[in-house]
Structures are given as structure tokens and as C-alpha cells.
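Q: Please give an overall description of this entry, and then take a close look at a single part of it.

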Amino acid sequence: MIWGIPLSRIKHPAIRPRGYGQNELLCNGKECRHAVGNFSYCTALGSQCCRAYSNKPGREITAMLRPENFIPLRSRSFSSDSGDLVDAVVPFMGESITDGTLAKFLKNPGDRVQVDEPIAQIETDKVTIDVASPEAGTIQKLLAKEGETVEPGTKIAVISKSGEGVPQAAPTSQEKTASQPPPPAEKESLGKGTTKTETPSVKGKEKTLFPSQAARAPSSPPKPSEPQLPPKERERRVPMTRLRKRVATRLKDSQNTFSMLTTFNEIDMTNMMKLRSDYKDAFVEKHGVKFGFMSGFVKAAVSALQYQPVVNAVIDGDDIIYRDYIDISIAVGTPKGLVVPVIRNSDQMNFAEIEKNINTLAKKATNGTISIDEMAGGTFTISNGGVYGSLLSMPIINPPQSAILGMHSIVTRPMVVEGNVVPRPMMYIALTYDHRLIDGREAVYFLRRIKDVVEDPRRLLLDV
């Protein structure tokens, strides 16, 4: 039985292997170059008129050619029928990202590309993704334009593996200038003994009023002066990047959702700076990274979150979710916008591991190669505005977290220590928190714990 038809009813010529000759089929009276072994091409349009070579109606063959009796043929992804052209498509961009903006093409038609070489960049709400070439070849044509919104699977370019049919690159401006003949020299004189003279155009004479008429003419009221606005040529309109729009939306949603309150404190950085100065060379020699203040504040934040677990919690509907893990998010400013990579399991890391993770994530964020997984999640955020010289600010909560710590610049100020006024390197810190979940008492205790740990790092060693 073949597709429900007895073998005895199938004629012998119709089941021979695919080939050309006496077993070719006729479709609507025209020669069909596809043999029975490849009948799916004959029945693509649902034809019911295929006949055997003897021109007699073949009901057995017609039954076999019904579309529902065929198994779909396998086809190569992103390839044309000839097998030479390959389509470059937008890759999968993440679970929460459905589309992106085609920021720019890195290659032009006629350029040679290698396998997995980036040919375009897709800008999403969170990261910038490269579209890699699936095969080595030459860019034949571009199917999309810069600035268009594309989805995963959208074809953006066609690549010819052999380079045939690829248009030649357009000549450069220098080549065009060299190919053009020089302009003819201007005639400096109109003829022998004559020179070129300019004749001013004669305008129509304005009508003047006689004194008697001028006296009778009514005086027009003065026009109100209009404000002088800058010309439009001095303004530039640039569309917002998707990352910038995403940040703006999230920050506005944060203000609309949370009941935010900010509390402040100040830290004497004397002991932390002395610790860094004493061990910075040995730290670099052993671990290969510099000893910065950020690792000390991450360890202090971990200790404070363990003392006040409600700051590490989050509201979900009518419930409160307490997290028994600590993932610290570090806000990093990039040319394209603010990104917040996450240091996973910060409570299980030492100073060196934290510094290595911060350096790696900061470089990826600056280069635009950071992935979505490296920014997903996070239970608490630290924002260091002091690297830009900020003295004091009120940070905005990073949803869906419940609090954010703001660090600021270190300024030497006169402080009273044991009854004496002495200069001390001081830093203001700020904690913005969701007042629906965190009360002022927990927020103040949280900042006091950070202050105590940073001013005396020995507390981390003794856990006191």
C-alpha cells in the first residue's frame, strides 16, 4: 500500500526513479521536467491534469498527486533555489524583546564578508545586537533601511557566496572629480580693447508725495515688536535611541508606581582610603585588578541588606517577596544611555572577585557588547555619581527593586573629631526607598550600617 493505494493499481512507469525520458509527465499538455520522484513540484498549484506518457488519464497518479498525500520537502534555511544566495536575518534578541531598530549597516553592497562577521547592528530597548553573516561571500543587496523597525527573522541583506551578480561599488567623489573635464576658462574681456563693465539695473522710481499730500496722509500705528527666536538652522532634531526611550519610560513608571523617599548620611573615608593606599600594589600584583572603593561599598551593602532584609524585598500585588540571595546592580553610564549590569551572588564574593566582575561588566557596557542576561534581575542597585563630580543627589529606584544607594564625590571638609576640628575626606550617601514597604527606621539603620562598615572595614572581618 502507498498512500492508501494498492500496489497492483500503480502502473510501473509511474514508480520508476526520478529521471527524464519516456517516464516524463505532461501537465496541461506541456512537458513537466519533474519526474514522479519529485511530484511535489507538479502539484504545487493543485493541478489535477497530469497524465502519463501515453496521454491517457491516470487516476492512480492523480490520486497520488493530491496535496494532502505528500510529505513536506526539506529545504535549506536562508538559501535561495540556486543555493548561491544566502539571506542574513535578524537573530533572536531575547525573551522580553520583540523588535528592534536597524541602527546602521557595517557593510555595503559589493563588500566581502566572512562567516559570522557582523554586517549590521540592531538597537533594542536594552542592548545592541550584531547581525552576523551566515556564510562567507559578497553582499549582493540590502533589503532593509537604517532606522526601520525589524523583528527576529526579518531579512536584511542578501549574500552571494560566489560573488556573481553583485553590483560594482559606486565611484568615490575623488574618482568623479578626476573623470570630469576641467571647466572652461572664463573670458576676462569681451573683445579687443574692450573691458567687461557692469550696468546697474534701473529700478522703478518710487512715487513721492507732495507736502500737502503727506500732511493729509494718516499716520500708521507702530507694529508690536515680535520676539526674536533663534533660526531653525541652528537647531538639530535627532531621534531618541531605543535604549534612551526605554530608560525614560522605566524612570517615569518608577515615579508613578513607588512612594519614593530619600534619606541621607555622610561617611568619613579616612580608613577606607588608608586601606586602599596600603594594599593597592599588593592587590594588583596578586589579583590583576585595581582596588577601588566600589568593592568596599558592595560589601557594605551586602552586610546592610543582611541586617535589614526588607530592603532586599519587593512588593508583588498584595504580597511581599523576600529574597534569600543578593544580586547587586551597578549603574553604568554609556554614550547610548544608562545600563545596569548585575553582579550575581554578591554575598558569596570577596573584594577581588567583585572588582573583576565590575571591570568586566563595565567594559562590555561601554563597548555595547553586554548581553540581556547580564542585566536581568538584581535585588539592589548602587549608583556612583561621584565619578562625575556629583556632591549630592536623590537617585530614582530601578524597578522592580525597592531601594537604590547613591554614592557621591569625596570632599575634604572640616569635621569635629574628639573635640578637635580636623580636615576629613567626607562623602555624602543617599538611600531612595519605596516607603510603601520600607519604613524610615529600616532605611536609617541601613545607611548607618553602611557608614559603620566603610568607616571601619574591620567589622567585615569580625562580622560585628
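A: Of the 464 residues of the protein, 36% count as buried, that is, under 20% relative accessible area with a 1.4 Å probe and protein chains only, where exposed means over 50% and partly exposed lies in between. The model is predicted, with local features needing pLDDT of at least 70 and side-chain atom pairs counting only at pLDDT 80 or more, while totals for chains, interfaces and linings use all residues. Residues are numbered from 1 along each chain as its sequence is written, and side-chain values use heavy atoms, leaving out hydrogens and water.

The protein contains nine helices and 21 strands; these are DSSP runs numbered from the N terminus, with H or I over at least four residues for helices and E over at least two for strands. Among contacts (heavy atoms within 4.5 Å) with a separation of 6 or more, 62% join residues 24 or more positions apart. The protein exposes about 30600 Å², of which carbon and sulfur atoms supply 52%, by the Shrake-Rupley method with a 1.4 Å probe, counting for residues only the protein chains shown as cover.

After helix 5 comes Gly288, with a positive phi near 80°.
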